[in-house]
Amino acid sequence: MMGVAIASSKACSSVLYTLITPFNRSKSMLACSGSSPDRKRRSLIFFGSSLVLASTLLGSSNQQNFPVESAIALEQMKEKEEEEEEVEEEEERNVNLFQKTSASVVYIEDIELPKTSSCESNVEDNAKIEGTGSGFVWDKLGHIVTNYHVIAKLATDQSGLQRCKVSLVDAMGTKFTKEAKIVGLDPDNDLAVLKIETEGRELKPVALGTSSDLRVGQSCFAIGNPYGYENTLTIGVVSGLGREIPSPNGKSIREAIQTDADINSGNSGGPLLDSYGHTIGVNTATFTRKGTGMSSGVNFAIPIDTVVRTVPYLIVYGTAYRDRF
């Protein structure tokens, strides 16, 4: 390219020289008759003009390619910007979903009081935490839905030393802790209903969805308290439908939802949500990696349609409808 530019420069000088040289008739005649000096000059002018023309054509070609290359680059930049916007929008939806629903999720502690204590005021301070789990606010009256296996020790307690504490936030975002009492039990479906005294606090119940129209592949979100870490969000998809899993009393829970959203120890009893923040299931079980206790990615939730059919009977009668007769 440098060689062309230099040649073009020389050619331009030759052309310019020819144009500004005073008119000389004799030289003009010699040029027309083909004299040797003027022939050489004409050759030089022709060669220089050819280089100028080639340089011009090359520049024109580059100018034609430049818009094409620019268009491709702009299109790539546009696609990248759109991808970044999509990621930002998805992240924003996840953040909003968590902020909207986490206030409805509770932290449950299963504790055991000491058998003897020298001072009654120290009884709860010396209590032993037997296990932790999750649950969610069912209504504004203080009913909490969770798994039966989360509060099984309290349900089967014969000593009177078992207690259940529930920590949550009210509608104003103020955190508080209350002792919960068992209202109803359904071991067949691994469900239980607790109740706390609200003392005038306004609670935020979950928004109920449906599980009959779920599709494999749709996004889902689990909120709970794995290993005691409160308000933890995990994200996944509905991996399978219509699964059958064992209940705590050895029976089968039908139509369970399978998900790859991590459900670890402490997540049990928490809600499984859809992309709109509607509760579609109750997180209940997981297959763990051997020797680790960690989720293998094969996790299950009780379908919300089963919960909706069962919980009202547990609140009113203390047992599932099928067990009343």
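Val 316 sits in helix 5, where helices (H or I, at least four residues) and strands (E, at least two) are DSSP runs numbered from the N terminus. At 60% relative accessibility, Val 316 counts as exposed; the cut-offs here are under 20% relative accessible area for buried, over 50% for exposed and partly exposed in between, with a 1.4 Å probe and protein chains only. This is a predicted model, so a word on ground rules: local features need pLDDT of at least 70, side-chain atom pairs count only at pLDDT 80 or more, and totals for chains, interfaces and linings use all residues. Residues are numbered from 1 along each chain as its sequence is written, and side-chain values use heavy atoms, with hydrogens and water left out.

Accessible areas come from the Shrake-Rupley method with a 1.4 Å probe, and for residues only the protein chains shown count as cover.

Gly 318 is in the segment after helix 5 (304-317). With a relative accessible area of 24%, Gly 318 is partly exposed. Setting aside neighbours within four places in sequence, Gly 318 is in contact (heavy atoms within 4.5 Å) with Val 183, Gly 184, Leu 185 and Tyr 313. As for Leu 185, Gly 318 is 133 residues away from it in sequence, yet the two are 6.3 Å apart in space, C-alpha to C-alpha.

## The whole protein

Stepping back, the protein has five helices and 14 strands. Of its 325 residues, 36% count as buried. The accessible surface comes to about 18900 Å², and 55% of that belongs to carbon and sulfur atoms. Among contacts between residues at least 6 apart in sequence, 62% join residues at least 24 apart.

## Helix 3 and the coiled-coil annotation

An unreviewed UniProt entry annotates residues 70-100 as "coiled-coil region"; such positions are given in the numbering used here, feature names are shortened, and annotations may be inferred rather than shown by experiment. In the model, residues 70-100 are 100% helix and 0% strand, and the end C-alpha atoms are 44 Å apart.

Asn 94 belongs to helix 3 (residues 36-101). It is buried, with a relative accessible area of 17%. Beyond its neighbours within four places in sequence, Asn 94 is in contact with Phe 221, Leu 233 and Ile 235.

Thr 279 lies in strand 13 (residues 278-288) and is buried at a relative accessible area of 0%. Not counting residues up to four places away in sequence, Thr 279 touches Val 206, Ala 207, Leu 208, Gly 209, Thr 210, Pro 271, Leu 272, Leu 273 and Ile 304.

Cys 164 is buried at 1% relative accessibility, and Cys 220 is buried with a relative accessible area of 0%. How many disulfides are there? Taking a disulfide as a pair of cysteine sulfur atoms within 2.5 Å, the count comes to zero.

## Salt bridges

A search of the whole structure turns up 10 salt bridges, each being a side-chain nitrogen of Lys or Arg within 4 Å of a carboxyl oxygen of Asp or Glu. One of them pairs Glu 179 with Arg 163, the closest N and O atoms being 3.6 Å apart. This pair links distant parts of the chain, with Glu 179 in strand 5 (residues 175-179) and Arg 163 in strand 4 (residues 162-169), 16 residues apart. Glu 179 is partly exposed at 31%, and Arg 163 is partly exposed at 24%.

Strand 5 also supplies Lys 175, which bridges to Glu 230 with the closest N and O atoms 3.3 Å apart. Glu 230 is in the loop between strand 9 (219-224) and strand 10 (232-246), 55 residues from Lys 175, and counts as partly exposed at 36% relative accessibility. Then there's Arg 254 with Glu 244, at 3.1 Å between the closest N and O atoms. Arg 254 is in strand 11 (residues 252-259) and Glu 244 in strand 10, so the pair ties together parts 10 residues apart in sequence. Arg 254 is exposed, with a relative accessible area of 55%. Finally, salt bridges that share partners join Lys 128, Glu 130 and Lys 153 into one network.
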